[in-house]
Amino acid sequence: MLNWIKFAKQYITKPRSIGAIAPSSRFLARKMVATIDFDKARCIVEFGPGTGVFTDRILHRRNTETVVIIIERNGDFCDALHRKYKDTPNLHIINGSAERIGTYLAERGIPRADYIVSGLPFASLPKEVSGSILTQTRKYLHDEGRFITFQYTLIRKDLISRHFGSIQITREIRNLPPAYVLSCKKNPPI
């Protein structure tokens, strides 16, 4: 219940940066991590964790050696995430922008992420910001890695497909509102 109240308050005050009326469901969280090979993942990055619904699932399934980096722009959510996960090993919580993923990885001596999970509302972000985030995501994603995002509409699918040649789409109707999950792989090298 506390997550809903926190989320609703942020949605009312910052609707363009939140992009949803409620936190993601546990059903959506399961679908978001379904294509992650937790046995092989050495680094998982999450953009826009909000209240930590996907983060909880990632931390529950990961190996203890796997480094998880979560990047949250909203200061209130970031403070709550610090309190929630204060004693979690190999977890880095950053109050910043997904556009700076390269900097955050370099600061930790990590060249690329194996998986990047995104809760960012690409449909409500300015197109140039979405494009910049996707460019950086592709650049810092391992060649065999996956970028996994969800959207409430497929309006930005064309933008995402410019960066990722293989997109597997599933739908989760047990979410408010129902969502599409896009599990993306890089375009083959030219």
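This is a predicted model: local features need pLDDT of at least 70, side-chain atom pairs count only at pLDDT 80 or more; totals for chains, interfaces and linings use all residues.
Which residues of α4 are buried? Within the helix, which covers residues 53–61, they are V53, F54, T55, I58 and L59.

An α-helix has 3.6 residues a turn, so residues three or four places apart point the same way.

## The protein as a whole

Stepping back, you will find eight helices and seven strands in the protein. The chain has 190 residues, and 48% of them count as buried. The accessible surface comes to about 9600 Å², with carbon and sulfur atoms making up 52% of that area.

How much of the contact count comes from residues 24 or more positions apart? Taking the contacts with a separation of 6 or more, such pairs account for 68%.

## Two spots in the backbone

Two loops are worth a visit. One lies between α5 (75–84) and β3 (91–95), and it holds N90. This residue is not a glycine, yet N90 has a positive phi of about 55°. Is N90 buried or partly exposed? With a relative accessible area of 33%, N90 is partly exposed.

The other loop runs between β6 (166–172) and β7 (179–185), and P177 is found there. Look at the link between L176 and P177: the peptide bond joining them is cis, with omega at about -10°.

Note on methods. Residues are numbered from 1 along each chain as its sequence is written. Side-chain values use heavy atoms; hydrogens and water are left out. Helices (H or I, at least four residues) and strands (E, at least two) are DSSP runs, numbered from the N terminus. Buried means under 20% relative accessible area, exposed over 50%, partly exposed in between (1.4 Å probe, protein chains only). Contact means heavy atoms within 4.5 Å. Accessible areas come from the Shrake-Rupley method with a 1.4 Å probe; for residues, only the protein chains shown count as cover.
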